[in-house]
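Work through the exercises below with the structure open beside you. Try each task before reading its solution.

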2 protein chains.
Amino acid sequence: MRDVSIIGIGQTKVGEHWETGLRALGAEAVQAALDDAGVQTVDALYVGSAYAASISNQSQLGALIADYAGMGNLEAFTVEAAEASGAAALRTGYLAVASGAVDVAMVLGVEKSTDMVAEPRTLARSISLDADYEAIQGATATAQAALLMRRYMHDYGLDVSAFEGFSLNAHANGAKNPNAMYRNLLKPGAFGKAPLVADPVNLFDSAPDGDGAAAVILVSGERAPDMAPLPVRIAGSAVATDALALHDRDDLLYLKAVALSAQKACQQAGISAQAANVYELHDAFTVLTALALEAMGFAERGQGWKLATDAQIGLAGATPISTFGGLKARGNPVGATGVYQAVEATLQLRGQAANNQVAGARTALIQNLGGMASTAITHVLRV
Amino acid sequence: MRDVSIIGIGQTKVGEHWETGLRALGAEAVQAALDDAGVQTVDALYVGSAYAASISNQSQLGALIADYAGMGNLEAFTVEAAEASGAAALRTGYLAVASGAVDVAMVLGVEKSTDMVAEPRTLARSISLDADYEAIQGATATAQAALLMRRYMHDYGLDVSAFEGFSLNAHANGAKNPNAMYRNLLKPGAFGKAPLVADPVNLFDSAPDGDGAAAVILVSGERAPDMAPLPVRIAGSAVATDALALHDRDDLLYLKAVALSAQKACQQAGISAQAANVYELHDAFTVLTALALEAMGFAERGQGWKLATDAQIGLAGATPISTFGGLKARGNPVGATGVYQAVEATLQLRGQAANNQVAGARTALIQNLGGMASTAITHVLRV
């Protein structure tokens, strides 16, 4: 199996891109990545998107964007794993280059969701729940996160303020990221008083839907040093799944897919999960971050919320999380999220993270979740 | 790069499975493939589906079906390239095993479209056209095929009867296939009098939407002989794309993606396209078959329709096509089609095709098209 490295990255700002369509948004990130890598085109394009079909009535993004971006006729298709679509596309690009079948692969994550207003958008997004047993009853991703959070608070005797630190950190980092959707700081104490979205999940707890596109270019480890001054190696790559419907899971508060994918990716990279310097986790809701940290062994069950301190997860902390604002403040470009994480980790490992830089970052662990962690995809990146 | 072989296959009948949901239909094919291979589970599941989101309001099929089929926690996600989703999933499984990252991969194609009645289903299927420039104007896949066919007839001075032979052959073969949706023979001469669907495409020209699921199990060429009496090697695998919107193409009647993907797959396999013994082409409309044959060099431009004779494309012909009935008579389980083609080719190469057997078949070329051939995916299979 060939080593695989990232030699180019591109991203658009996350936000409400009303003036830019789905294909154009994707092409912006494609061009940025081509420019960054200094190449004219690639051999294959793998597109991650979760809701293009249900929000934009558009599938077949591979051919569409390859052509629109002027890279015509190359290998291209779409990869989907709900909110983890971006990382699933990264996994596909990794497999393609690792196999030797593809020399230069681009992975693009793209999502355009804000053209649709809130209520139909919530329905369009509910396709990533179990359609026959959950969504049909009116369940939404936010309602599911509320169930997990309520159960967590009940089992461990906590109130919502326990989760505040995750959002404070995300906004502190997002404020420094020019591509972030929200660049405001959260005022300590405001979290517990924020309007409820789905009790107990509140406005400052849930990540905002944003339009966005991000791309990375992958080549073999052998070619990478000739093509980029500081290639970033994909040292570990793993996907694991769990039951989609919450009621089908063995244990609501144990993210089994997170545990498995992190173990596999770290084993491949030859490190422990704790050994990374930068972490991009799927903080669509704060409870997911607490549970992911527990599933990866950063804390005992019921103790993950205690890590939400600046000393622990801040840019200068022991385990920096959401270093560019995460889903909460950078914004949640759903199916593009996993590729944003790869772009952000690459910036960290290249030492190009500017005000968001984690000093001396050499190893990053990025983790993208889909369908309320029924899919977890973990990659370990290294320089 | 490791060699990759098919060691297990499974399929459901194609038809109107009103009593079976999407996940259950998928699980039927999964179980059939596991049984055929004599294995309990696999390491990864790649699912091809085109319209689960727009017809069944269900994405995240990887986790859903892995869990429902009792294979929990494994790597799983969905791959989409419109009607070529099945072959795109096969390509992904091929890359995964070829790379060495995955030992035993299952590729599942599944589509459940007949729960939705004709008019909304046509809209739900139009997501694979260009949403902003074609579908929004009311274009449908059948209307696009009608444009291609009308242009072909105009340029080459033909009437619809020129295409009849493709449908006669498909129904002759479908009549012998117990998994086919239509098992009736077409009466010679009936084609030209069939009710129009989109002038000049008529009822006997267009493939029927059907529900269905098919699966193949892939392992490395090294392990395959220990796991199956007659493994089928994937000797070539290639994806190519073209502009999605018809008006963006250089030449309406030249399927560039077909030409490119066939060239690449055959080059990898070390054969000419003409050297195969069995062909499964994407005969959703007869004009696509004529154009695909021309793009692959079986006939000059404007001459592909002349191949539609029993002596040429029948089971005992020089280039047998649609040997189990093709999309036209086996039925068109859209995003599962590419996997059905792989299952049918495997049956041919194993000599297990019963009444549909092509004598002495050693090499098969299978080709799955999506978005009116904006994606073409060709695989060459050999024993």
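The exercises that follow concern a predicted model.

**Exercise 1. Overall form of chain A**

Task: Decide whether the radius of gyration of chain A agrees or disagrees with that of a compact globule.

Solution: 
- Step 1. Chain A has 383 residues, and a compact globule of that length would have a radius of gyration near 21 Å.
- Step 2. The value for chain A is 19 Å, which agrees.
- Step 3. The C-alpha trace of chain A spans about 55 × 45 × 40 Å along its principal axes.
- Step 4. Of the 383 residues in chain A, 66% are buried.
- Step 5. Take the contacts in chain A between residues at least 6 apart in sequence: 78% of them join residues at least 24 apart.
- Step 6. Chain A contains 13 helices and 11 strands.

**Exercise 2. How the two chains are related**

Task: Find which rotation superposes chain B on chain A, and name the relation.

Solution: 
- Step 1. In general, a rotation about an axis and a shift along it relate two copies of a chain.
- Step 2. In chain B, the C-alpha nearest the axis belongs to B:Ser99, at 1.8 Å.
- Step 3. Both copies use the same surface, since 100% of the contact residues of chain B recur in chain A.

**Exercise 3. The interface**

Task: State how many residues of chain B are in contact with chain A, and which elements supply them.

Solution: 
- Step 1. The contact involves 53 residues of chain B and 53 residues of chain A.
- Step 2. Among the elements of chain B that each supply at least two residues are helix H4 (85-99), strand E8 (232-241) and helix H9 (256-269).
- Step 3. Sorted by class, this side of chain B has 26 nonpolar, 19 polar and 8 charged residues.

**Exercise 4. Strand E3 of chain B**

Task: Determine which strands pair with E3(B), and in which sense.

Solution: 
- Step 1. Within chain B, strand E2 (residues 44-48) pairs with E3(B) in the parallel sense over 5 bridges. One partner pair is B:Ala44 and B:Glu75.
- Step 2. Now check the cover: 6 of the 6 residues of E3(B) are buried. B:Glu75, B:Phe77 and B:Val79 lie on one side, with B:Ala76, B:Thr78 and B:Glu80 on the other.

**Exercise 5. A residue in a loop**

Task: Classify B:Glu134 as buried or exposed.

Solution: 
- Step 1. B:Glu134 is in the loop between helix H5 (118-125) and helix H6 (141-156) of chain B.
- Step 2. A residue is buried if 20 or more other C-beta atoms lie within 10 Å of its own.
- Step 3. B:Glu134 has 23 such atoms, so it is buried.
- Step 4. Neighbours within four places in sequence aside, B:Glu134 is in contact with B:Leu129, B:Ala139 and B:Ala245.

**Exercise 6. An enclosed helix**

Task: Explain why helix H7 (residues 164-174) of chain B counts as largely enclosed.

Solution: 
- Step 1. Of its 11 residues, 10 are buried, so helix H7 of chain B is largely enclosed by the rest of the structure.
- Step 2. The buried residues include B:Phe166, B:Leu168 and B:His171.
- Step 3. The buried residues of H7(B) pack against helix H10 (286-295), helix H11 (310-313) and helix H12 (326-329) of chain B.

Terms used. Residues are numbered from 1 along each chain as its sequence is written. Chains are lettered from A and ligands numbered from 1 in the order in which they are written. This is a predicted model: local features need pLDDT of at least 70, side-chain atom pairs count only at pLDDT 80 or more; totals for chains, interfaces and linings use all residues. Copies are superposed by least squares on the C-alpha atoms of residues with pLDDT of at least 70 in both. Two residues are in contact if their C-beta atoms, placed from the backbone, lie within 7 Å. A residue is buried if 20 or more other C-beta atoms lie within 10 Å of its own, exposed if 12 or fewer, and partly exposed in between; C-beta atoms are placed from the backbone. Helices (H or I, at least four residues) and strands (E, at least two) are DSSP runs, numbered from the N terminus. The radius of gyration is taken over C-alpha atoms; the globule rule is 2.2 Å times the number of residues to the power 0.38. Ala, Val, Leu, Ile, Met, Phe, Trp, Tyr, Cys and Pro count as nonpolar, Asp, Glu, Lys and Arg as charged, and the others, Gly among them, as polar. Two strands pair if DSSP finds at least two bridges between them.
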